[in-house]
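Biologist: I have not looked at this one before. Could you take me through it?
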Amino acid sequence: MKVIEVRGLTKFYGKNRGVEDLNFEVNEGEIFGFLGPNGAGKTTAIRLMLDFIRADRGKIKIFGMDSKNNAVAIHREIGFISGENFLYPHMKGRELLSWLKSFHKHKNGLSLSRLLEIFKLDTKRRIKDYSSGNRKKLALVQALVHHPKLLILDEPTNGLDPIMKENLYAVLKSLKGSGTTVFLSSHDLTEVQKVCDRAIIIKDGRIVDVEDIHELVRKGAAIFDITFVDKPSPEALAGLNVLAQSGKTVRIQTTGSVQDMLRWLSQYQIADLSVTKPNIEDIFLTYYK
């Protein structure tokens, strides 16, 4: 089942492009990354999906329903965290959570007490007295407490310490196992690689790639540092992407299979060999050069 379907989504702010001609689908039960630097159009796309602002053109369906005509029904099944946490400052944390929870029917899932334990959140204090990290944790709990079918998270780990980030990743993976769909907007490449199944890469309001995360990393260029027993001839290196050579040592970049490269190397006597695979940050930067 397609939980989110976006077709031709375009939004301009006057002459300034927000997003243009976005097309993508998110499947039920997957963690889908929306990856790009600040200003790439991620938040605009989320606001359009939630019908907070209206598109110039394009269509959005969530749970098979038009996002404009069925916004109320859709919102009942969504947990949302915005990039900015605007909470009610004079309420206590527990008051806010109790009030928000009252809008939804009870569903099986992580209990409120368990969520508070996971995120180590004291709800007896007034929200105005919370640190930025605790406000983020409160925002996470309020998005999860009604056990939504779809989570839309805009930079959810900003302000969290490393332990809380890992706790959130564990929660997201657990929710995925129970069928919840997660749409995760982030500029943090490490977290996208840790938790996402697929990701969009967005640049200047346009999608430049949609990939399975493991495939994205797999197809990234590998660097071979090879020391030959005998100095290779120019003919032997013809057609290869040689980055550097010093005597018998050659650095070669390849975007093909590592196995193909190893078969080529088997023709020669090798004194030393190291292979470096790029991480997702290296790959991501190739889209922004």
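Predicted model: local features only at pLDDT ≥ 70, side-chain atom pairs only at ≥ 80, totals over all residues.

Biologist: Which residue forms an aromatic pair with Phe24?
Modeller: Phe34 does, in a tilted arrangement with 6.1 Å centre to centre and 35° between the planes. Phe34 is also buried, its relative accessible area being 0%.

Biologist: Why does the pair tie together parts that are apart in sequence?
Modeller: Phe24 belongs to strand E2 (residues 16-27) and Phe34 to strand E3 (residues 31-35), so the pair links parts ten residues apart in sequence. Both rings also belong to one aromatic cluster with Phe32 and Phe183.

Biologist: How many aromatic pairs are there in the whole structure?
Modeller: A search finds eleven. Among them is the pair of Trp99 and Phe103, which is edge-to-face, with 5.3 Å centre to centre and 70° between the planes.

Biologist: Is Phe103 buried or exposed?
Modeller: Phe103 counts as exposed, at 55% relative accessibility. Trp99 is partly exposed, at 36%.

Biologist: Changing topic, which residues have the most contacts inside the largest nonpolar core?
Modeller: Phe119 and Leu151, in a core of 37 residues. Leaving aside residues up to four places away in sequence, Leu151 touches several residues, including Leu144, Leu172, Val182 and Phe183. A second, separate core has 26 residues, and Leu9, Phe24, Phe34 and Ile62 are included in it.

Biologist: And how is the chain divided into domains?
Modeller: Domain 1 covers 2-217 and domain 2 covers 220-288. Their centres, taken over C-alpha atoms, are separated by 41 Å.

How values were computed: Residues numbered from 1 in each chain as written. Heavy atoms only, no water. Core = buried A, V, L, I, M, F, W, Y, C linked by side-chain atoms within 4.5 Å. Buried < 20%, exposed > 50% of the residue type's maximum accessible area, 1.4 Å probe, protein only. Contact = heavy atoms within 4.5 Å. Domains from an automatic or database assignment. Phe/Tyr/Trp six-rings, centres within 6.5 Å; stacked < 30°, edge-to-face > 60°. Helix = DSSP H or I, 4+ residues; strand = E, 2+ residues; numbered from the N terminus.
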